[in-house]
Amino acid sequence: MQLSPTLAWLVDAASDAAGADRLLAELGAHLVADGVPLAAGALTLEVPHPLIAKRTWLWRAEGGQVIEALGFAPGGLAPDPPNDAGRRWLRGTARGEVHEDVVGRHDGPVLGWIGPRPFTPREIHQLRQAARFAATPLALLAARATLRATLDAYLGKRSAARVLAAPLRRDLGETIQAALLYADLRGFTTLSETNPPADVIAALDAWFDRIAGAVHAFGGEVLKFIGDGVLAIFPVVDAERRRACDSALRAAGAAKAGMAHLNEERRSQGLPPLAFGAALHLGEMLWGNIGAADRLDFTAIGPAVNLASRLEGLCKPLGQTVLVSGTLAAETDIPLVTLGMHSLRGIAAPCEVFALPES
């Protein structure tokens, strides 16, 4: 069977494409080289993501640029029709009718194309053949995207990348330095015992939205949701300890502001406010796999993590929302309030403690 260069590429090499953007760009370029007059193309994939329902890549033949459009999962708004973003963009790009093929199964990826003029029957046949042969590489690409999106959602981007890059063994890890943020919702036991489960989950989700949103906004990563608690890290990159510490402090300040706004909303609904405590520390930790031989967890452990957890326990007795260790305070110029030396349960040496100003 004599295959065109486009179909041969789809069989032999397309599965090695670095991502959907590169597959779309290279497929478009191959089709143009095979004589199909293309002005632009679009590829839409559905992804399992808590916020994003589908991703669409848009390719322009002139210059070969690829941009991405996201379709968000419904949250009070009706979801976009399949490939709606790609179809709208293609219609505004060139003349002719948009040609679309659903690849694989009826709910599979969607390839769309438009030319500088209407496609001829022969050209439509070439596009349909390309879609048929694209089924296998697109299925592999979608599987990789699904795996990455799932790991990102459950582990965080940095940890997911680390897991994907290393063998699945519990003896693998690395020592990293990071600013740590350990935060805990106060009064959770009372909240869970006096409210229906749906209300408790709604309160937890609202709390995690504020604290995790603040962490991610300043370049950190949530490692764990521990009951009603959060462990997050701001890794030190290129020995820039001050940058990591400043980011952690700004994230803590943003979380305070976010929770204050949330509590205004809760009071207006007749609900009690939610209080939290958070501790920040700078130190080294082992970042990697722990667990049983056939059941692993990816986390961070070490004395620095223990200190951050114990320091958070001082928030309530000291009447503070955010406490900062002396180690982290020494690496920042952000104004802090000194609270003196304090003993921490299970920690041998006393810790110098600072606080974010409450105002």
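The model is predicted, so a local feature needs a pLDDT of at least 70 and side-chain atom pairs count only at pLDDT 80 or more, whereas totals for chains, interfaces and linings use all residues. Residues are numbered from 1 along each chain as its sequence is written, and side-chain values use heavy atoms, with hydrogens and water left out.

**Stop 1: helix H6**

Select residues 157–165, which form helix H6. Helices (H or I, at least four residues) and strands (E, at least two) are DSSP runs, numbered from the N terminus. Which residues of H6 are buried? They are Ser 159, Ala 160, Arg 162 and Val 163. Buried means under 20% relative accessible area, exposed means over 50%, and partly exposed lies in between (1.4 Å probe, protein chains only). Seen down the axis of H6, the buried residues fall within an arc of 160°, so they line one face of the helix. The arc is that of the directions from the helix axis to the C-beta atoms. On the other side of H6, look for Lys 157 and Ala 165, which are exposed.

Now show what covers the buried residues of H6: the cover includes helix H5 (135–155) and the strands S6 (173–185), S7 (221–226), S9 and S10 (295–301). Contact here means heavy atoms within 4.5 Å.

**Stop 2: the largest cavity**

Rolling a probe the size of a water molecule over the atoms shows where empty space is left. On a 1 Å grid over the protein atoms alone, a cavity is a set of points where a 1.4 Å probe fits but cannot get out, and lining residues have an atom within 4 Å of a point. Grid points are joined across faces, edges and corners, and a volume is the space filled by probe spheres set on the points.

The structure holds two cavities of 30 Å³ or more, and the largest has a volume of about 50 Å³. To see its lining, select Arg 162, Val 163, Ala 166, Pro 167, Leu 168, Leu 172, Gly 173, Gly 288, Asn 289 and Phe 298. These divide into six nonpolar, three polar and one charged. Ala, Val, Leu, Ile, Met, Phe, Trp, Tyr, Cys and Pro count as nonpolar, Asp, Glu, Lys and Arg as charged, and the others, Gly among them, as polar.

**Stop 3: the loop between S8 and H9**

Select Asp 238, in the loop between strand S8 (229–235) and helix H9 (241–268). Ala 239 lies in that loop too. Asp 238 has a positive phi of about 55°, and phi of Ala 239 is near 60°. Most residues other than glycine have a negative phi. Asp 238 is exposed at 70% relative accessibility, and Ala 239 is exposed at 63%.

**Stop 4: cysteines**

How many disulfides are there? The count is zero, a disulfide being a pair of cysteine sulfur atoms within 2.5 Å. For Cys 245 the nearest cysteine sulfur is that of Cys 351, 13 Å away. For Cys 351 the nearest is that of Cys 315, 12 Å away. Cys 245 is buried at 0% relative accessibility, and Cys 351 is buried at 8%.

**Stop 5: Gln 320**

Finish at Gln 320, in the loop between helix H11 (315–318) and strand S11 (322–325). Is Gln 320 buried or exposed? Gln 320 is buried, with a relative accessible area of 14%. Leaving aside residues up to four places away in sequence, Gln 320 touches Arg 186, Cys 315, Leu 339, Ala 355, Leu 356 and Glu 358.

Definitions and conventions: On a 1 Å grid over the protein atoms alone, a cavity is a set of points where a 1.4 Å probe fits but cannot get out, and a pocket is an open set with protein on both sides within 12 Å along at least five of seven lines; lining residues have an atom within 4 Å of a point.
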